[in-house]
Amino acid sequence: MLSAQAGDANIFAQDWFMTAALSHSHDGCDVLLAVVSHEHGPWLGVMPLMAEWRFGRWPARIWHSWSATNQFLGTPLVATQSADIFWETLLAFLDTCADRAILLHFEKFDADDPISIALFDHCRRTGRAVHAIQCVERPAHRAGDEAEARSDAKTQSRLRSLSRRLESDHGPVAVTMLDPVAPCASWIDAFLVMEASGWKGRMGSALGSSAATAALFRTVIARGHANGSARLSSLSAGGRVIAMSCWFESATWGHGFKMSFDEDYRAYAPGQLLMREISEGIRRRPTLSFDTCVPRDANHCHRLWRSNRRIIDGAVAIGSTWQRLHFDALIKARAAYAAVKTHLSRPQKQ
């Protein structure tokens with residue numbers, strides 16, 4: 001029920017994905033599902049947490065938001081109308097835990113999501129310290145944003161030229177979507193083989209390089225395809241599939257998941273050709289926003305997506321007055337260390 005009410009903004013937190021993530025995680029961590037609910041009533045929110053003994057390089061007892069590999073958004077699953085009571089209840093619980101943790105370290109929150117905003121507002125109202133550790137922008141499409149309706153004209157021209165050359169050299173170019181009622185096992189197998197044959201396979205970072213990540217991929221794609229959340233696409237030239245991509249969609253948000261291409265066709269940028277088709281399809285959906293889930297400087301695809309989604313990591317003080325003083329000292333020490341490191345890395349004047 002909570003997934004249906006609150007899962008649109010973060011499909012990675014929905015029960016069908018999170019259950020698979022927890023089942024196929026072999027990182028050795030004990031994960032606590034922190035659930036807030038009315039007594040004998042439905043859940044208002046849930047957030048997976050793990051206890052740790054370090055905050056980066058610094059020794060400290062902390063709680064850390066948990067997410068699996070390839071879970072690209074960490075905003076917890078919370079009913080929007082219950083966001084204030086969720087954070088009030090969760091933080092009060094962490095304050096009184098006997099473990100004497102000094103902070104909650106959260107990662108991959110959408111900075112503009114109502115659940116994240118409710119956390120920041122709660123901290124401001126109650127005088128609870130909150131510190132932003134990192135904020136990055138990911139290429140995205142925002143529904144209704146007319147300013148970014150058209151992607152970079154130079155990029156579009158280059159991709160049209162590449163598509164024509166690909167068709168001239170190798171035959172008709174086509175983009176296909178796997179039928180929602182068709183079995184997806186063969187699509188999954190083909191994707192894993194294609195990815196493993198490229199640079200990710202050589203670097204040992206392909207999904208198939210780890211039994212756990214391969215199993216997670218197979219499970220979430222199969223479940224997402226069965227429940228209508230997953231989209232599975234392929235780009236072919238002359239009948240040969242040369243690029244594949246999958247993503248997830250809710251009523252209001254799409255989230256990029258995985259892309260792969262045949263490196264024999266690298267000169268034609270098949271991954272970008274497929275991404276162009278995906279971006280154009282998304283823009284024809286007036287109520288759907290889309291998060292690419294990749295850093296803006298990761299590749300050239302950012303030129304197809306002109307808006308951003310701000311993703312933030314941060315720390316919230318918890319515990320007694322003494323523990324919060326410890327939090328303040330730790331944050332100041334981190335800032336001083338970063339300043340010294342930056343100073344030392346600058347070229348020295350002769």
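The model is predicted. Helix 3 packs against helix 4, helix 6 crosses helix 8, and helix 5 packs against helix 9. Among the residues described, histidine 255 lies in strand 10, while aspartate 262 lies in the loop between strand 10 and helix 9.

**Helix 3 with helix 4**

- Helix 3 spans residues 83-95 and helix 4 spans residues 114-126; their axes are 9 Å apart and the packing angle is about 60 degrees.
- Because of that angle, helix 3 is oblique to helix 4.
- The crossing of helix 3 past helix 4 is right-handed.
- Helix 3 contributes Ala83, Asp84, Trp87, Glu88 and Leu91 to the contact, and helix 4 contributes Ile115, Ala118, Leu119, His122 and Arg125.
- Sorted by class, the residues in the contact of helix 3 with helix 4 are six nonpolar, one polar and three charged.

**Helix 6 with helix 8**

- Helix 6 is formed by residues 185-196 and helix 8 by residues 211-227; the two axes come within 10 Å and cross at roughly 145 degrees.
- Helix 6 passes helix 8 with right-handed geometry.
- On the helix 6 side the contact uses Trp187, Ile188, Asp189, Phe191 and Leu192, and on the helix 8 side Phe217, Arg218, Ile221 and Ala222.
- The contact of helix 6 with helix 8 has seven nonpolar residues, no polar residues and two charged residues.

**Helix 5 with helix 9**

- Helix 5 (residues 153-170) packs with helix 9 at an angle of about 120 degrees, and the axes are 10 Å apart.
- Helix 5 and helix 9 are therefore oblique to each other.
- Helix 5 and helix 9 make a left-handed crossing.
- From helix 5, the residues Gln156, Arg158, Leu159, Arg160, Leu162, Ser163 and Leu166 meet Gln272, Leu273, Arg276 and Glu280 of helix 9.
- In the contact of helix 5 with helix 9 there are four nonpolar, three polar and four charged residues.

**Histidine 255**

- Histidine 255 sits in strand 10, which covers residues 253-261.
- Histidine 255 counts as buried because its relative accessibility is 0%.
- The side chain of histidine 255 has a polar contact of 2.9 Å with the side chain of arginine 309.
- Beyond residues up to four places away in sequence, histidine 255 touches Asp8, Ala9, Asn10, Ile11, Phe12, Leu73, Trp247, Phe248, Phe290, Asp291, Cys293 and Arg309.

**Aspartate 262**

- Aspartate 262 is placed in the loop that runs between strand 10 and helix 9 (270-283).
- With a relative accessible area of 11%, aspartate 262 is buried.
- A polar contact of 2.7 Å links the side chains of aspartate 262 and arginine 240.
- Neighbours within four places in sequence aside, aspartate 262 contacts Met194, Arg240, Ile242 and Pro270.

**Arginine 128**

- Arginine 128 belongs to the loop between helix 4 and strand 6 (130-141).
- The relative accessible area of arginine 128 is 10%, so this residue is buried.
- Arginine 128 and aspartate 95 make a side-chain to side-chain polar contact of 2.8 Å.
- Not counting residues up to four places away in sequence, arginine 128 is in contact with Leu91, Asp95, His122, Cys123, Val316, Ala317, Ile318 and Arg324.
- Two of these contacts, Leu91 and His122, also take part in the contact of helix 3 with helix 4.
- Arginine 128 is 32 residues from arginine 160 in sequence, and their C-alpha atoms are 53 Å apart in space.

- Asparagine 70 is not a glycine but has a positive phi, near 70 degrees.
- Asparagine 70 lies in the loop between strand 3 (58-65) and strand 4 (77-78).
- Asparagine 70 counts as buried, at 12% relative accessibility.
- Arginine 100, also not a glycine, has a positive phi of about 60 degrees.
- The loop between helix 3 and strand 5 (103-110) holds arginine 100.
- Arginine 100 is partly exposed, as its relative accessible area is 44%.

Terms used
Residues numbered from 1 in each chain as written. Predicted model: local features only at pLDDT ≥ 70, side-chain atom pairs only at ≥ 80, totals over all residues. Heavy atoms only, no water. Helix = DSSP H or I, 4+ residues; strand = E, 2+ residues; numbered from the N terminus. Buried < 20%, exposed > 50% of the residue type's maximum accessible area, 1.4 Å probe, protein only. Polar contact = N/O pair within 3.5 Å; in protein donor to acceptor, adjacent residues only side chain to side chain. Contact = heavy atoms within 4.5 Å. Axes fitted to C-alpha atoms, helices over the stretch in contact; angles between N-to-C directions. Parallel < 35°, antiparallel > 145°, perpendicular 65-115°, else oblique. Left-handed = near helix turned anticlockwise from the far one by under 90°. Nonpolar A, V, L, I, M, F, W, Y, C, P; charged D, E, K, R; others polar.
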